[in-house]
Amino acid sequence: MAISKSAKIMAEMEKVKAKISDQQARLKELEQKHKEAENEEIVDIVRGMSISLEELPLVLQRIKAGDTLGRNVPKSAGPEKEDAE
């Protein structure tokens, strides 16, 4: 018995739907890996900072607000000596 044209099209549609489903699952997986990688990078950065966990929320708020985190050191009027300790 011959398969109708509409049945062939329906079968092709089901194949495409299956591929879309697979790709959506893959996209979610990649998004999760991306988020995990970003979190690991943040953890590495925070570990490199010399701040306590109690200070971290304040520091993050300052970053979000656009504040600089560097220390304000007044410029000296005279020439600086690097070996002066």
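1. Ile-9 has a relative accessible area of 46% and is therefore partly exposed (buried is under 20% relative accessible area, exposed over 50%, partly exposed in between, with a 1.4 Å probe and protein chains only). Ile-9 sits in helix H1. Helices here are DSSP runs of H or I with at least four residues, strands are runs of E with at least two, and numbering starts at the N terminus.

2. The model is predicted: local features need pLDDT of at least 70 and side-chain atom pairs count only at pLDDT 80 or more, while totals for chains, interfaces and linings use all residues. Residues are numbered from 1 along each chain as its sequence is written, and side-chain values use heavy atoms, with hydrogens and water left out.

3. On the whole chain: the secondary structure amounts to two helices and zero strands. The protein has 85 residues, of which 2% count as buried. Its accessible surface is about 8,700 Å², and carbon and sulfur atoms hold 56% of that. Areas come from the Shrake-Rupley method with a 1.4 Å probe; for residues, only the protein chains shown count as cover.

4. A nonpolar surface patch is made up of Ile-9, Met-10 and Met-13, which together have about 270 Å² of accessible area. Patch members have over 30% relative accessible area and no salt bridge; like charges are joined within 9 Å, and nonpolar side chains (Val, Leu, Ile, Met, Phe, Trp, Tyr) within 5 Å.

5. Three salt bridges are found in the structure. The criterion is a side-chain nitrogen of Lys or Arg within 4 Å of a carboxyl oxygen of Asp or Glu. Side chains of opposite charge can pair when their charged atoms come close.

6. One of these bridges links Lys-17 with Glu-14, at 3.8 Å from N to O. Lys-17 and Glu-14 are three residues apart in helix H1, so about one helical turn separates them. Lys-17 is partly exposed because its relative accessibility is 48%; Glu-14, at 43%, also counts as partly exposed.

7. Glu-29 pairs with Arg-26 in a salt bridge whose closest N and O atoms are 3.1 Å apart. Both residues belong to helix H1, where three residues, about one turn, lie between their positions. The relative accessible area is 37% for Glu-29, hence partly exposed, and 39% for Arg-26, which is likewise partly exposed.

8. Glu-29 also forms a salt bridge with Lys-33, with 3.6 Å between the closest N and O atoms. Lys-33 and Glu-29 are four residues apart in helix H1, so they are about one helical turn from each other. Lys-33 is partly exposed, at 47% relative accessible area. Through shared partners, the salt bridges join Arg-26, Glu-29 and Lys-33 into one network.

9. A surface patch of negative charge gathers Glu-36, Glu-38, Glu-40, Glu-41 and Asp-44. Asp and Glu count as negative and Lys and Arg as positive, with His and the chain ends not counted; a charge is placed at NZ of Lys, CZ of Arg, CG of Asp or CD of Glu. Glu-36 lies in helix H1, residues 5-48, and is partly exposed because its relative accessibility is 40%.
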